[in-house]
Amino acid sequence: MLRRSRVLGGLAASVLAAFSVAHAADQEGTLVVALETLGGQTMDPILEGRAPHAHYQAPIYDALIGFNLEEGGLGPGVTERWELAEDGQSWFFHLQKGLKWHNGDPLTAHDVKFSLERTMSEESIASRASALRRNVKSIEVVDDHTVRVYTKGVQVHFPAGLSRAVFQEGQLMPKNYIESVGVEKFRAEPVGSGPWKFVESVPGDYVEFEAVEGPHWRGTPNFKRLRILLVPEESTRVAMVRTGEAAIASISPESIREVEAANLKLVTVPGTMQAIYQFWGTYKEGHKDSPLADVRVREALSLAIDRQQIIDHVMYGQASWPMPFATFSYAVDTDIAKWQEWGRTALRYDPERAKALLAEAGYPDGFDMKFANTALPGTPYMTQIGIAVADFWQKIGVNVDIKHYEWGAFRLLYRGEQKSLAGAASMFRTAGRPVAVARYSGGFQSKGGHHLFGDTEECNDFCQAYDKLHQEVVTAQDAELRARKTDEMLTMVADSWMAVPIIEGMGYWAVNPEQVGKFDTIPGRHELGDVFERMPRPEQKPW
C-alpha cells in the first residue's frame, strides 16, 4: 500500500509539473488596472488599515478564510474547514496541505500563528488589530496543518474576521522568511503564497506582479503580469480604458453613460454597500425634546424618500432596493426573503403617511434639522444621494440645514463625545459583509464607536435591552437560537429608525473587452484583488 501511494504521489507530481509548464507557456500579456486609490501602498499587511488592501495585497497574499465565489460571504481559503470547540471557547482551523510560499517554503500552521500574532501586535495598525487583541486569548499550533485559537469568551462569528470578505486580518505572512531576512527586507521584497508574485512597487504610481506558473488553488493567472496603477482622476481612468492603456478601471455611477457610449463593458459587483443616514446622540439628556428623539419623526423621514427615484436618477439604475441595516443577500443567520419583503414595504415612498406621522408627533409644520453630508472613500456618489434625501425631506416641510464635509474632517466629528453631531443626522454607509452583527456592534452597542442607542455614561432601558440582545447573538452556539436572536436584533434596530438604509450600492468597473475577457465578480466584494487570477484574455472568453 505504501509503495502504491508513493507511485501515485509521483504521478500526481508529474501531472502538476506538466500542467505548470503548459500553463506558464500560455500566460501572456499584462493586465493593467487603474484605481482611484492604493491606500497606504504598503506590502506589509500590518501597516495597511484601509479597504484598498484588497486591491493590491490580495494578489500576493492568501487569507486564512476565503470566499463563496458564487453567492458571496465566507468560503474555504488556506483553511479548508473550521469548527468551534464544544465549550465555545476556541476555534480549530484545518489548513490545506501542500501549499507553499513563493520562495518554496511550505505554508504551515506555524505561519498562521505567526501571522495572527503579528497582526495583533502593538506595531500593527491593521483595521481590526485592536479587535483581535480584545478577542484572542492565545494561539496554539496543534500540528503542521491545524491551528487552535482560544478566544476571550464565546466568539461564534470569529472566523468572519479572518477573511477578506470583511477585513485583511486573516492575510498570511511567511514566518521563516521574515525572521531570516528581517522586517525591512520583507517590506521591500515581500513573499506571499497567492497566485501573483511581487515584482515592484513605486509609491504614488503603481504596484506590479508576475503570475505564478501554477497551479494555484485560487486560480492560475492567464496573464503573465499584473500592473495596478494609481490614477486619482476618474475621467483619466475612463480614457485609459477607452484607449487600451488600461484594461479595467474603477468608476462611479456618473461615468456609466460615458462607458456605455464608448462601447466598453460595465461590470458591477452586487451587495458591496448600503448608503444610509443615521441620527446621532438622540438619547442624550440635552436632546430628549428634539424632534429626532421621536421614533414617529424618524419613520416619517424614511417614508418621505423616493428610493426608486434615487436608484434611477442618481445611481443611473445601477443600484437596488435595500434590506435592513447592514444586511445583504449573502448574510448568515438571516431570513433573507422576509427582510427583502420588509424592505419593499417599510421603506416605501409614502409622503402622505410621512406628513401624518409628523402631525401626530406634534410637528405639522415641520421642524429644523441639521444634516451632515459626506462620502466615505470609494463611494463619492454618497454626497449626491445625501442631496437628494435632503430635498425629499424639504418637500414634507422639514427645514434641512445641510453641510458638506470631506471624509477626513467628518471622521473627527463622531469620535469622543460627538458634540457637533448630537441631535443631528448624517450620511454614512455600511460595507458588504456576511455577518451583520459586526456592523451592529459598532453602530448600536453602548461601547461601540457610534453608540447610536446610548453610551457607557447614558444607557437607558432601550440601550440596555439592545446590549443584552447583542450579547446573546454573538454567544449563541446553537444555529437556530442564533438565527432567532439575530432576527430580534434586526427587528429592534429596524423599528427604531435610527440608522436607515437608502439604497444598496454596487462596485462599478469599466472594462475594455479587447483587453480582457468576460469574468465574474464576487458578490459583496468591490475590490478585485481576489478576481484578477480568474480573468481570461479576450480570446479565451469573449464578451
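**Helix pair and disulfide briefing**

In helix H9, Arg-296, Val-297, Glu-299, Ala-300 and Leu-303 meet Pro-351, Arg-353, Ala-354, Leu-357, Leu-358 and Glu-360 of helix H12, where contact means heavy atoms within 4.5 Å. This is a predicted model, in which local features need pLDDT of at least 70, side-chain atom pairs count only at pLDDT 80 or more, and totals for chains, interfaces and linings use all residues. Residues are numbered from 1 along each chain as its sequence is written, and side-chain values use heavy atoms, with hydrogens and water left out.

**The helix pair**
- The axes of H9 (residues 295-303) and H12 (residues 351-360) come within 8 Å and cross at roughly 160°.
- That angle makes H9 roughly antiparallel to H12 (the term covers angles over 145 degrees).
- The crossing of H9 past H12 is left-handed, meaning the near helix is turned anticlockwise from the far one by less than a right angle.
- Helices here are DSSP runs (H or I, at least four residues), numbered from the N terminus.

**The disulfide**
- One disulfide turns up in a search of the whole structure (a pair of cysteine sulfur atoms within 2.5 Å).
- Cys-459 and Cys-463 are its partners, with an S to S distance of 2.0 Å.
- Their link is left-handed, with -95° about the S-S bond.
- Cys-463 is buried, at a relative accessible area of 0% (buried means under 20%, with a 1.4 Å probe and protein chains only).

**Confidence**
- The protein chain averages a pLDDT of 92, and 95% of the residues score at least 70; pLDDT is the predictor's confidence in each residue, from 0 to 100.
- Over residues 1-22, pLDDT stays under 50, and the model has five contacts beyond four places in sequence for them.

Definitions and conventions: Buried < 20%, exposed > 50% of the residue type's maximum accessible area, 1.4 Å probe, protein only. Axes fitted to C-alpha atoms, helices over the stretch in contact; angles between N-to-C directions. Helix = DSSP H or I, 4+ residues; strand = E, 2+ residues; numbered from the N terminus. Parallel < 35°, antiparallel > 145°, perpendicular 65-115°, else oblique.
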